Amino acid sequence: MYNSKNDNVKSTSGNFASTYSYNKQFKLENGKKIRNLQVAYQTYGKLNANKDNVIWVCHALTANADVFEWWEGLFGENALFNPEEHYIVCANVLGSHYGSTNPLSTNPITGLPYYLSFPQFTIRDLVSAHQLLASHLGIDYIKLLIGGSLGGQQAVEWSISEPNKIENLILIATNAAHSPWGIAFNESQRLAITTDRTFYANQPNGGSKGLKTARSIALLSYRTYSAYGSTQVESVNDKTDNFRSSSYQNYQGEKLINRFNAYSYYYLTKAMDSHNVGRNRKSIADALKLITANTLVIGIENDVLFPLSEQKYLADHILGAEFSALHSDYGHDGFLIETDALTNVIGNFIKESRNKKIIKLQHTA
Ligand SMILES: CC(=O)SCCNC(=O)CCNC(=O)[C@H](O)C(C)(C)COP(=O)(O)OP(=O)(O)OC[C@H]1O[C@@H](n2cnc3c(N)ncnc32)[C@H](O)[C@@H]1OP(=O)(O)O
Ligand SMILES: N[C@@H](CCO)C(=O)O
């Protein structure tokens with residue numbers, strides 16, 4: 001149920017799924033090392049002769065490398081980001097069990113799964129692992145790097161660490177440093193997981209009841225008062241129990257534990273907490289100034305987890321960045337759902353960028 005490792009599989013939708021193995025020791029930001037690092041990834045389309053059609057997607061907390069599945073509408077055969085024009089790459093993050101090395105993987109030193117002995121990693125480590133993959137794929141230039149939420153945290157870090165490699169950057173519903181509010185939400189979820197004593201049993205479904213509660217807590221930050229009001233309102237006034245909202249929370253928790261494990265969730269939320277582009281750099285604002293990509297920052301108006309002020313901050317500190325706010329009844333998760341609005345705003349940004357480039361070329365000719 002947990003491992004979807006595919007080795008060099010060409011799927012029916014024409015995409016290519018594979019796993020990259022790094023044969024040296026992978027050094028984490030905290031100095032710890034992971035042997036035999038695996039990075040699962042999928043590609044769609046072909047790298048062109050100039051190697052300048054790469055779209056790299058960084059996924060959020062519980063997604064996987066199959067971006068055509070979870071970002072359908074923005075990515076797909078007939079979408080803005082399509083395999084006809086682009087070479088689209090999406091890799092599973094370190095710590096997630098959709099094919100990359102994670103706490104359920106076997107530790108080559110002990111021959112046993114890591115579980116809670118897995119080393120803690122940061123957003124920068126997620127990026128470093130994907131930079132190795134990019135180099136393995138012969139990609140030294142990314143036409144457009146895009147990510148939302150935890151995916152946006154990776155995209156902003158990548159753009160700071162390798163500014164010359166990223167031409168265009170799209171950051172959605174994300175931030176420059178994870179907020180005290182966001183960390184508190186994550187800690188509450190981890191408290192739910194660790195209250196489930198099976199978490200310490202080191203078994204694949206350990207902590208799953210706790211994870212169900214964690215997802216229930218998280219949903220309150222991914223959705224809004226009005227989303228619950230419109231989708232979970234009762235049609236009768238005489239109920240005193242068994243409300244739709246309760247069943248929804250239970251259903252969503254069950255849905256997650258059927259496809260995700262508590263260990264990956266625990267470590268990935270800690271990685272999210274670690275996000276701070278200013279760490280070991282002069283300041284957050286100075287780090288953002290290192291970005292040279294043509295940048296669009298998109299926020300969701302009623303996102304309670306990553307409020308608009310965070311995207312405004314990014315746009316104000318990244319040189320020349322544009323800012324756009326979208327409305328979504330969903331709140332934070334709107335970045336995964338409002339694909340028509342995203343296609344529209346990103347499509348316009350790409351057109352404007354092309355025009356700017358033509359004008360620049362005319363001036364320098
Ligand atoms: C292998 C994989 O699955 S890969 C990973 C896929 N997931 C990801 O990539 C992570 C990112 N995606 C997500 O977080 C989510 O899928 C989102 C945000 C995009 C959409 O969330 P959803 O849960 O689909 O939407 P929403 O909140 O409207 O809930 C709808 C679901 O709740 C169910 N539901 C709605 N109200 C109730 C209720 N009162 N009681 C019980 N169930 C309910 C619906 O029947 C529907 O069920 P379904 O998912 O089985 O079709
Ligand atoms: N709903 C997203 C997390 C919010 O960014 C996910 O499950 O990946």
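**Helix α3**

I began with the buried residues of α3, which are Leu-150, Gly-151, Gly-152, Gln-153, Gln-154, Ala-155, Val-156, Glu-157, Trp-158, Ser-159 and Ile-160. The model is a predicted one, in which local features need pLDDT of at least 70 and side-chain atom pairs count only at pLDDT 80 or more, while totals for chains, interfaces and linings use all residues. Residues are numbered from 1 along each chain as its sequence is written, and chains are lettered from A and ligands numbered from 1 in the order in which they are written.

I took "buried" to mean 20 or more other C-beta atoms within 10 Å of a residue's own, "exposed" 12 or fewer, and "partly exposed" in between, with C-beta atoms placed from the backbone. Helices (H or I, at least four residues) and strands (E, at least two) are DSSP runs, numbered from the N terminus. By that count 11 of the 12 residues of α3 are buried. I then looked up what they pack against: β6 (54-58), α2, β10 (142-148), β11 (166-172), α8 and α9 (284-289). Contact here means C-beta atoms, placed from the backbone, within 7 Å.

I also checked the length of α3. The expected span of a helix is 1.5 Å times one less than its number of residues.

**Helix α8**

I repeated the check on α8 (residues 262-274). Its 13 residues should span 18 Å, and its end C-alpha atoms are 19 Å apart, which agrees. Of the 13 residues, 12 are buried, among them Tyr-263, Tyr-265, Tyr-266 and Tyr-267. The cover over the buried residues of α8 includes α2 (123-136), α3 (150-161), α4 (180-195) and α5.

**Active site positions**

I looked up "active site" in UniProt, where an unreviewed entry lists Ser-149, Asp-303 and His-332. These positions span 184 residues in sequence, yet no two of their C-alpha atoms are more than 10.8 Å apart, so they gather at one spot. UniProt positions are in the numbering used here, feature names are shortened, and annotations may be inferred rather than shown by experiment.

Asp-303 lies in the loop between β12 (294-300) and α10. I count Asp-303 as buried because 27 other C-beta atoms lie within 10 Å. Beyond four places in sequence, Asp-303 is in contact with Ala-173, Leu-308, Gly-331 and His-332.

His-332 is in the loop between β13 and α11, and is buried, with 25 other C-beta atoms within 10 Å. Leaving aside neighbours within four places in sequence, its contacts include Ser-149, Tyr-222 and Asp-303.

For contrast I looked at Asp-316, in helix α10 (residues 308-317). Asp-316 counts as exposed because it has 12 other C-beta atoms within 10 Å. Asp-316 and His-332 are 16 residues apart in sequence and 21 Å apart in space, C-alpha to C-alpha.

**Binding site positions**

The "binding site" feature in UniProt (unreviewed entry) is placed at Arg-215 and Asp-333. They are spread over 119 residues of sequence but cluster in space, with a largest C-alpha distance of 13.1 Å.

Arg-215 lies in α5 (residues 208-222) and touches Gln-252, Gly-253 and Leu-256, not counting residues up to four places away in sequence. Asp-333 is in the loop between β13 (322-326) and α11. With neighbours within four places in sequence set aside, Asp-333 contacts Tyr-222 and Arg-223.

**Ligands**

I next listed what surrounds the ligands, a residue being near if its C-beta atom, placed from the backbone, lies within 6 Å. Around ligand 2 I found Ala-60, Leu-61, Thr-62, Ala-63, Ser-149, Tyr-222, His-332 and Asp-333.

Ligand 1 has 14 residues around it, of which Ala-63, Trp-70, Ser-247, Tyr-248 and Tyr-251 come nearest. Two or more residues of this shell come from each of α7 (244-257) and α11 (334-337), and α7 gives the largest share, 5 residues. The shell around ligand 1 also draws at least three residues from each of domain 1 (9-178 + 280-364) and domain 2 (183-271).

**Domains**

The domain bounds come from an automatic or database domain assignment. I noted that the C-alpha centres of domain 1 and domain 2 lie 26 Å apart. Their contact takes 25 residues from domain 1 and 20 residues from domain 2.

Note on methods. Contact = placed C-beta atoms within 7 Å.
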